[in-house]
Amino acid sequence: MADRERKVTDKEKTAGTGKVKLIPVYVMGKRYLVPETLTIMKALEYAGYRFIRGCGCRGGICGACATVYRKPGDYHIRVGLACQTVVEPDMYLTQIPFYPANRASYDFAQLSDSPEEIFKLYPEVFRCIACNSCTKACPMDVQVMDVISAVKQGNIERAATLSFSCIQCGLCVSRCMGELPQYHIMQLARRIYGSRIAPRAEHLNEAVEAAKGEKCQQALEKLMKSDIKQLREIYQSREIEPEMAGEDWTPAKRDDL
Ligand code: FES
């Protein structure tokens with residue numbers, strides 16, 4: 001985040017933007033007036049900051065925008081994603097888009113499906129004192145402490161399943177008294193589970209085989225022979241999943257694929 005402050009004009013202070021009220025927030029100790037409806041990320045931009053790091057998807061998925069803040073009269077340190085958390089009056093905040101965490105180096109091809117692999121690479125997993133601070137810090141409601149317990153019990157499947165929504169923001173690490181790198185440990189558990197333990201998806205094998213078949217090859221050749229205009233037409237006329245499609249939505253069967 002690069003600091004490119006600008007002064008909030010009197011007009012903005014009195015008139016706001018339309019009917020939106022301006023509220024004060026403090027960014028690294030400096031006061032700014034920002035519209036009360038903005039997320040922290042948009043408020044920072046409104047205040048004149050430009051993101052060169054600490055911002056990615058803007059949709060609560062990439063985990064790049066971890067933020068810590070305090071509210072007036074409240075001793076708690078609070079954490080959240082800047083792109084998802086709405087500003088509050090007199091919020092005191094700063095971003096921690098990167099938090100140092102021990103990341104083991106390994107050749108994944110050499111790892112087996114044994115939990116011992118995780119224990120060897122991350123022995124600090126046994127430093128967990130089950131305080132649950134990691135879970136409280138998680139913006140995705142991952143039950144981080146339970147994941148770590150599952151790892152300690154050697155249950156990689158449970159660890160992988162429980163941590164599926166982890167977005168690697170690192171907020172769990174920032175609160176851990178045992179100094180565990182939870183998000184790296186959880187990622188390794190998911191990798192081992194996905195690659196070595198989860199049953200193979202039959203439909204995936206079928207799709208791979210179908211892709212090698214004549215029908216797909218012909219469709220591919222047709223695409224390769226198309227010019228830009230034809231490619232655009234094909235792209236624009238493609239079947240798109242409706243925005244509100246339910247889980248049962250399936251694409252129409254096409255003869256050319
Ligand atoms: S910018 Fe991606 S989670 Fe906030």
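A: Happy to! Keep in mind that this is a predicted model. Let's start with the whole chain: the C-alpha centres of domain 1 and domain 2 lie 30 Å apart. Domain 1 covers residues 10-95, and domain 2 covers 108-197.

Now for the close look. Helix α5 spans residues 144-152 and helix α8 spans residues 182-197. Their axes are 10 Å apart, and the two helices pack at an angle of about 55°. Because of that angle, α5 counts as oblique to α8. The crossing of α5 past α8 is left-handed.

Which residues make the contact of α5 with α8? On α5 they are V144, V147, I148 and V151. On α8, the partners are Q182, I185, M186 and A189. Sorted by class, this contact has 7 nonpolar residues and 1 polar residue, with no charged ones.

Back to the two domains, which also touch one another: 8 residues of domain 1 are in contact with 8 residues of domain 2. On the domain 1 side, strand β4 (residues 78-81) gives the largest share, 3 residues. The residues on that side divide into 5 nonpolar and 3 polar, and none is charged.

Key
Residues are numbered from 1 along each chain as its sequence is written. This is a predicted model: local features need pLDDT of at least 70, side-chain atom pairs count only at pLDDT 80 or more; totals for chains, interfaces and linings use all residues. Axes are lines fitted to C-alpha atoms, for helices over the stretch in contact, and angles run from 0 to 180 degrees between N-to-C directions. Helices (H or I, at least four residues) and strands (E, at least two) are DSSP runs, numbered from the N terminus. Angles under 35 degrees count as roughly parallel, over 145 as roughly antiparallel, 65 to 115 as roughly perpendicular and the rest as oblique. A crossing is left-handed if the near helix is turned anticlockwise from the far one by less than a right angle, and right-handed if clockwise. Two residues are in contact if their C-beta atoms, placed from the backbone, lie within 7 Å. Ala, Val, Leu, Ile, Met, Phe, Trp, Tyr, Cys and Pro count as nonpolar, Asp, Glu, Lys and Arg as charged, and the others, Gly among them, as polar. Domain bounds come from an automatic or database domain assignment.
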